[in-house]
Amino acid sequence: MSADEGLLLWIEEALAPTGRVTWRRMMGGATLYLDGTVFAIVLDDMLWFKSDAVADPVWDAEGAARFSYARKDGSVATMNYRRAPDGVFDDADLLGQWAALAVEAGRRAPVKRRRTKGTDPA
């Protein structure tokens, strides 16, 4: 899997009035940030918005599927990302509305701290 560069550039351009979109290639795709906050991932030509327990009811009402993938052992894992509604690919304003919901979920997410070598995690 890889991230569709054309999609990444379109998202960056469409959300420019909202803030600065950057991305980082990860796990064959890309993690997207809006002004430094994680708000989406792109795998191939698919856009997945960040979600959480607060935003899940809105995504559920939209019928947006939860991101899932098959593990090496055959089990299925999910992550707190929801498939972007089809309309966002044709409407920058709609993209901005869904991205705003995802940014709020990103802001609510706990900050992950890296452990320093030689320190006790306790």
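D52 sits in the loop that joins strand 4 to helix 2 (56-62). Helices (H or I, at least four residues) and strands (E, at least two) are DSSP runs, numbered from the N terminus. The model is a predicted one: local features need pLDDT of at least 70, side-chain atom pairs count only at pLDDT 80 or more, and totals for chains, interfaces and linings use all residues. Residues are numbered from 1 along each chain as its sequence is written, and side-chain values use heavy atoms, with hydrogens and water left out.

D52 is buried, at a relative accessible area of 12%. Buried means under 20% relative accessible area, with a 1.4 Å probe and protein chains only. A polar atom of the D52 side chain lies 2.9 Å from the backbone nitrogen of A55. Neighbours within four places in sequence aside, D52 is in contact with A105 and R108. Contact means heavy atoms within 4.5 Å.

The strands form an open sheet of 6, in the order 1-2-3-4-6-5, with antiparallel pairing. Strand 1 (21-26) and strand 5 (66-70) are at the edges; each has a single partner strand, so one side of each lacks a neighbour in the sheet. From one strand to the next, the twist averages 40°. Strands pair if DSSP finds at least two bridges between them. Strand 1 and strand 2 (residues 29-34) pair over 6 bridges, in the antiparallel sense. R25 has A30 of strand 2 as its bridge partner.

Helix 1 (residues 5-14) packs on the sheet. Helix 1 touches strand 1, strand 2, strand 3 (37-43) and strand 4 (46-50). The direction of helix 1 makes about 155° with that of strand 1. Axes are lines fitted to C-alpha atoms, for helices over the stretch in contact, and angles run from 0 to 180 degrees between N-to-C directions.

Note on methods
Buried means under 20% relative accessible area, exposed over 50%, partly exposed in between (1.4 Å probe, protein chains only). A polar contact is a pair of N or O atoms within 3.5 Å; within protein, one must be able to donate a hydrogen and the other to accept it, and residues adjacent in sequence count only if both atoms are side-chain atoms.
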